[in-house]
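Biologist: I would like to learn how to read a structural model with some care. Could you take me through it feature by feature, with the general idea before each case?

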Amino acid sequence: MAKITYIEHNGAEHVVDVKTGLSVMEGAVKNNIPGIDADCGGACACATCHVYVDPAWLEKTGEKSAMEESMLDFAEGVEDNSRLSCQIKVSDALDGLVVRMPESQH
């Protein structure tokens with residue numbers, strides 16, 4: 001399990017334990033975290049699970065795939081630390097991860 005902090009655009013924080021092997025998106029959906037819509041269910045076919053990874057965690061979350069980069073083209077407010085949360089697999093190394101949600105997923 002990894003403790004992940006999800007921060008809504010309005011600043012509300014949700015700290016939850018997410019099972020190793022799930023994606024950061026699945027952790028949000030299973031814990032009813034607002035701000036991650038996950039319209040495609042984690043297939044990297046939309047950008048409604050867009051998050052901003054805290055800069056201290058960027059290296060640990062891995063590289064963006066070409067498909068992820070392509071899907072981020074559809075997201076609003078993309079920054080250098082933008083990721084699709086469906087593409088970040090939870091591991092023990094991500095214990096303490098902090099992600100922030102954009103104002104809107106659409």
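This is a predicted model: local features need pLDDT of at least 70, side-chain atom pairs count only at pLDDT 80 or more; totals for chains, interfaces and linings use all residues.

Biologist: In which sense do E3 and E4 pair, and over how many bridges?

Modeller: Two strands are said to pair if DSSP finds at least two bridges between them. Here E3 and E4 are antiparallel and share three bridges. Tyr-52 also has a bridge partner in E5, namely Arg-100, and E3 (residues 50-53) is joined to E5 (residues 98-100) by two bridges, again in the antiparallel sense. Within E5, Val-99 stands opposite Val-53.

Biologist: In what order do the five strands form the open sheet?

Modeller: The order is E2-E1-E5-E3-E4, with mixed pairing. E2 (13-18) and E4 (82-84) are at the edges and have a single partner strand each, so one side of each is left without a neighbour in the sheet. From one strand to the next the twist averages 35 degrees; for such angles, axes are lines fitted to C-alpha atoms, for helices over the stretch in contact, and the angles run from 0 to 180 degrees between N-to-C directions.

Biologist: What should I look at in the hairpin of E1 and E2?

Modeller: Look at the pairing and then at the turn. E1 (residues 2-7) pairs with E2 over six bridges in the antiparallel sense, and Thr-5 has Val-15 as its bridge partner in E2. Five residues lie between the strands of this hairpin, and among them Gly-11 takes a positive phi near 100 degrees.

Biologist: Which way do the residues of E3 point, and are they buried or exposed?

Modeller: Buried means under 20% relative accessible area, exposed means over 50%, and partly exposed lies in between, with a 1.4 Å probe and protein chains only. His-50 and Tyr-52 point one way from E3, whereas Val-51 and Val-53 point the other way, and all of them are buried. Ser-82, in strand E4, is buried because its relative accessible area is 0%. The side chains of Ser-82 and His-50 make a polar contact of 2.8 Å, the term being used for a pair of N or O atoms within 3.5 Å; within protein, one must be able to donate a hydrogen and the other to accept it, and residues adjacent in sequence count only if both atoms are side-chain atoms.

Biologist: Where is His-106 found, and what does it touch?

Modeller: His-106 is in the segment after E5 and counts as exposed, at 54% relative accessibility. Contact means heavy atoms within 4.5 Å, and, not counting residues up to four places away in sequence, His-106 touches Asp-37, Asp-39, Thr-48 and Glu-76. From C-alpha to C-alpha, His-106 and His-50 are 10.0 Å apart in space, and they are 56 residues apart in sequence.

Biologist: How many disulfides does the count come to?

Modeller: A disulfide is a covalent bond between the sulfur atoms of two cysteines, and the rule used here asks for a pair of cysteine sulfur atoms within 2.5 Å. By this rule the count is zero. Cys-46 is in no disulfide, as its nearest cysteine sulfur, that of Cys-40, is 3.6 Å away. For Cys-86, the closest cysteine sulfur is in Cys-49, at 3.8 Å, which is too far for a bond. Cys-86 is buried, at a relative accessible area of 4%.

Biologist: Which residues have the most contacts inside the largest nonpolar core?

Modeller: Such a core is a set of buried Ala, Val, Leu, Ile, Met, Phe, Trp, Tyr and Cys residues joined through side-chain atoms within 4.5 Å. The largest has 29 residues, and those with the most contacts inside it are Tyr-6, Val-24, Ile-36, Leu-84 and Leu-97. E1, E2, H1, E3 and helix H2 (66-72) are the elements that give two or more residues to this core.

Key
Residues are numbered from 1 along each chain as its sequence is written. Side-chain values use heavy atoms; hydrogens and water are left out. Helices (H or I, at least four residues) and strands (E, at least two) are DSSP runs, numbered from the N terminus.
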